Amino acid sequence: MWSVTEHLDSILGQLSPLEPIELQLLDAQGCVLVEDVTVPVALPPFENSSMDGYAVRVADTKAATLEHPAVLEVIGDVAAGSDVLPTVGPGQAARIMTGAPLPPGAEAVVPVEWTDGGTGGGPATTMAAHSVDSAGAGGEVRVHQAAKERQFVRARGSDVAAGELALAAGTVLGAPQIGLLAAIGRGSVTVRPRPRVVVVSTGSELVQPGEELGPGQIHDSNSFALTAAARDAGAIAYRVGAVIDEVETLRATIEDQMIRADIIVTTGGVSVGAYDVVKEALSSLGGAMGDAEDGPGGSPGRVEFRRLAMQPGKPQGFGRIGPERIPLLALPGNPVSAYVSFELFVRPAVRTLMGAGSVHRDVVRAACVTPVEKSPEGRRQFLRGRYDQASGTVTAVGGAGSHLVAALAHANALIVVPEAVTSLEAGSEVDVVVLD
Ligand code: AMP
Ligand code: MG
């Protein structure tokens, strides 16, 4: 028997991060940046207004109060995107919109709320944007509060200066990071790509959801759950419909899928039953699937089947197949076993290929509210639970049965009962793998 840790280590020990590629910004979401990105041009690139209001000279509004407002001549409009700017002279103001460049001569912006909104010229109160600089000219504005030097003016480079480091290599690109890259004008970046995970379920009893069940048939849930889990881990996931329990069909399907896979995951067919074809198809590989001799550095070219000291998920297969040495993880068929195995072994594999800093789920300590009467000796048990962060407790949901998909759907954590522990009193401290 292999321990959970030994099996995981043997998988991760054979994987290294995928080669970086250049991706368009939105395709790089969730990926790890492999270049230091510096700022080519200061942000903001020019002085601009942070308010809708009037661009003024400081001296002109210095004495302005509600009782004695400064009356300024409005010489034009400056909208965001304006390229021709009026020059603001003494006693003058230009109506200005948020994000519009500060016109020459002006030293500050008075917000429209500090004025009477202007009279004459353009629309007095609506502040509709004009792109023609002479629009809104004529008329006056009464300013009743003094503007300080540079008030409501965003300085050039006040966000980031040119030449500064925008994002360091190793950063995971979330929405704000993608926003920053776009803001500094980067259309594409060099990242480690998302691994492509192909999910193949096996079983002649399996029917696609949405289709009627015949006698003895069940709906294929594994390929859906694991495709979703692969996406959740950051992969590009391809779901392959269930394959019948027939060695040649399975072998052909896997050979076909190798072209688009960085990892192949199968479910079912790894126990000791008469129709457990995954084992048969994958432990006797050759030809296009590769064999033991041509693996680099003597790495195995076939899938090795192991019995793990864990529950659920005892039977597991792992190997690297084909000329490209694509990692293949053969998971057990019971839905809970398949999902738990994915979380424990496939997810870290996906995260390793992505070059992610953290490849594991968070593990926290919590008090297990539910007593565990019997846990198998010598096997690490993963019970499904609901973890409550506020109280630091976890409650088991459903039993130990590895067919209990409904209970799994209500769980948000795995409760770990160590190999040496055979029962737990209510309130015992346990390790909890947090799933969300
Ligand atoms: P196996 O490991 O193939 O013997 O499957 C073990 C159990 O899991 C059997 O009850 C199967 O019917 C069930 N099972 C296998 N694959 C799936 C699947 N893709 N979706 C739902 N149940 C499955
Ligand atoms: Mg089966």
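The second largest pocket of this predicted model lies between domain 1 (4–18 + 194–353) and domain 4 (363–434), because both domains give residues to its lining; the domain bounds come from an automatic or database domain assignment. A pocket here is an open set of points, on a 1 Å grid over the protein atoms alone, where a 1.4 Å probe fits and protein lies on both sides within 12 Å along at least five of seven lines, and its lining residues have an atom within 4 Å of a point. Rolling a probe the size of a water molecule over the atoms shows where empty space is left. About 300 Å³ of space lies in the second largest pocket, a volume being the space filled by probe spheres set on grid points that are joined across faces, edges and corners.

Of the 16 residues that line the second largest pocket, Leu-344, His-360, Val-363, Arg-380 and Val-433 lie nearest its centre. Helix H7 gives the most to this lining, with four residues, while helix H1 (4–12), strand E23 (380–388) and strand E26 (428–434) are among the elements that each supply at least two. Helices (H or I, at least four residues) and strands (E, at least two) are DSSP runs, numbered from the N terminus.

The largest pocket has a volume of about 570 Å³, and of the 35 residues that line it, the closest to its centre are Gly-268, Ser-271, Pro-332, Gly-333 and Asn-334. The lining of the largest pocket consists of 11 nonpolar, 16 polar and eight charged residues.

The side chain of Glu-205 has an N or O atom 2.5 Å from an oxygen atom of ligand 1, and the side chain of Asp-220 has one 2.8 Å from a nitrogen atom of the ligand.

Most residues other than glycine have a negative phi, and most peptide bonds are trans. The peptide bond from Leu-43 to Pro-44, however, is cis, with omega near -10 degrees, and Pro-44 lies in the loop between strand E3 (37–38) and strand E4 (48–49). Another cis peptide bond joins Gln-311 and Pro-312, with omega about -5 degrees. Arg-150, in the loop between strand E9 (140–143) and strand E10 (153–154), has a positive phi of about 65 degrees although it is not a glycine.

Residues are numbered from 1 along each chain as its sequence is written, and chains are lettered from A and ligands numbered from 1 in the order in which they are written. In this predicted model, local features need pLDDT of at least 70 and side-chain atom pairs count only at pLDDT 80 or more, while totals for chains, interfaces and linings use all residues, and side-chain values use heavy atoms, with hydrogens and water left out.

Definitions and conventions: Ala, Val, Leu, Ile, Met, Phe, Trp, Tyr, Cys and Pro count as nonpolar, Asp, Glu, Lys and Arg as charged, and the others, Gly among them, as polar. A polar contact is a pair of N or O atoms within 3.5 Å; within protein, one must be able to donate a hydrogen and the other to accept it, and residues adjacent in sequence count only if both atoms are side-chain atoms.
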